[in-house]
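Colleague: Please take a close look at the side-chain contacts, and go through them one at a time for someone new to this structure.

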Amino acid sequence: MTIPAGLRRTVLRARRDTGFLAAGVLPHLALVPVWSWAEATTTRTGNWLLAVSVSAALVLLGTPVLTAVQRARYRVLIGVDVPRRTPTAPEQRMWASAARWLAATRPWRTIGYHLLLGPLLALLELLVLAVAAACLAGATAYAWSWALPTGIRQDWFGYLTQLPAYTAAGLLLLCALPWTARAVARAEARLAVGLLGPSRAQRLQERVDQLAVSRTGLIEAVDAERRRIERDLHDGTQQRLVSLAVNLGLAMATRPDLPGDAREVIASAHLEAKEAIAELNDLVRGLHPAVLEDRGLDAALSGLAARTPLPVRLRVDLEERVTPTVESVAYFVISEALTNATKHANAMRAEVIVRQVGEVLRVRVTDDGLGGADAAAGTGLTGLAKRVGSLDGAFHVSSPVGGPTTITAELPCAR
């Protein structure tokens, strides 16, 4: 005889949930002797201070153990993972920081679960177990009632009149048992996750930390990919263009007998190749200049200032070299700001100041151009703001009409 798959799953789930409830009775009643002893001691001796002190110490010592037991019970028996709390201890031993720490961790929720809610859950579990025992007893009444002495069997069940009623009631309760046990187990799991696990604020903070770590990894991966593209362009495509330009130049220098039309075509191709090399150099510098990776931000900005067609006053004050990601963003902000000052603002001079103040890298670019720049207008300044914001930095633009324009970026550079 084959048992239907649905019935088999129902039986297994009922056995699992009932076993889970049975395993929770003793842990839920573990602290009952403590407050019973405290009440009896207070009533007998009147020394409530001793009773409260001893019982509080026992509760504080027993709560972590009971919490670990409950986590194991939920994880092993019904597959529910109650997350551990990972509170940050107060940095200073002060009442304010201790109060903030208590408000964040809320240890009274765990104590309340074991001390107050635990006995109520134990009563509910015992009730479900009693119903399960009554179900089995009623459903199997025909099997075990004939083993009783005749007098007892007649007193309890009559001859055959009451036995079918007991069996029918047991079967009905047995059919409802899987859903009852499952409902109670789910209710306990929700209470445990809410009271024994981290609070909503802690879960949000942990999620924010995870997103910050993943975003940092993504930014570093994108920066590494950018450096790889720069390296491939410099070592591959750029070298081929240089070789092409050299070959075209040699062709014009070594073949004076070429027809005029052919010489013009070669000369034009030679000029195009050199312009392509210059554009590729600008592109590579914009992606990630090699000097930035080799010698750091100070040297890269010196080269950038020397290539800018307007006078640039540069001042760099770094305590130590910052991370490559921060260097790349700072270089990009300064490069774009100087490009805008040259092409759009008609500036005559510019000033770049880079300072490291604690764990913040402050970048300020000022020009005496026409002004009127607006970061909210969807211009290139919007891209600068997004790139700075990707590092949790701050980006500000001050550009009244008529100038001057000041672009400020603050980048966190803690390692």
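Modeller: The count of aromatic pairs comes to one, where rings of Phe, Tyr and Trp (its six-membered ring) pair if their centres lie within 6.5 Å; planes under 30 degrees apart count as stacked, over 60 as edge-to-face and the rest as tilted. This is a predicted model, in which local features need pLDDT of at least 70 and side-chain atom pairs count only at pLDDT 80 or more, while totals for chains, interfaces and linings use all residues. Residues are numbered from 1 along each chain as its sequence is written, and side-chain values use heavy atoms, with hydrogens and water left out.

Rings also meet charges (NZ of Lys or CZ of Arg within 6 Å of the ring centre and within 35 degrees of the ring normal). Arginine 387 has its charged end over the ring of phenylalanine 332, 4.0 Å from the centre, and arginine 73 lies over the face of tyrosine 74 at 4.8 Å.

The whole structure holds six salt bridges, each a side-chain nitrogen of Lys or Arg within 4 Å of a carboxyl oxygen of Asp or Glu. One of them joins arginine 313 to glutamate 351, with the closest N and O atoms 3.7 Å apart. These partners are 38 residues apart, in strands β1 (residues 312-317) and β2 (residues 350-357); strands (E, at least two residues) are DSSP runs, numbered from the N terminus. Aspartate 17 pairs with arginine 16 at 3.3 Å. Aspartate 17 counts as buried because its relative accessible area is 2%, and arginine 16 is partly exposed at 38%; buried means under 20%, exposed over 50%, partly exposed in between (1.4 Å probe, protein chains only).

Conventions. Helix = DSSP H or I, 4+ residues; strand = E, 2+ residues; numbered from the N terminus.
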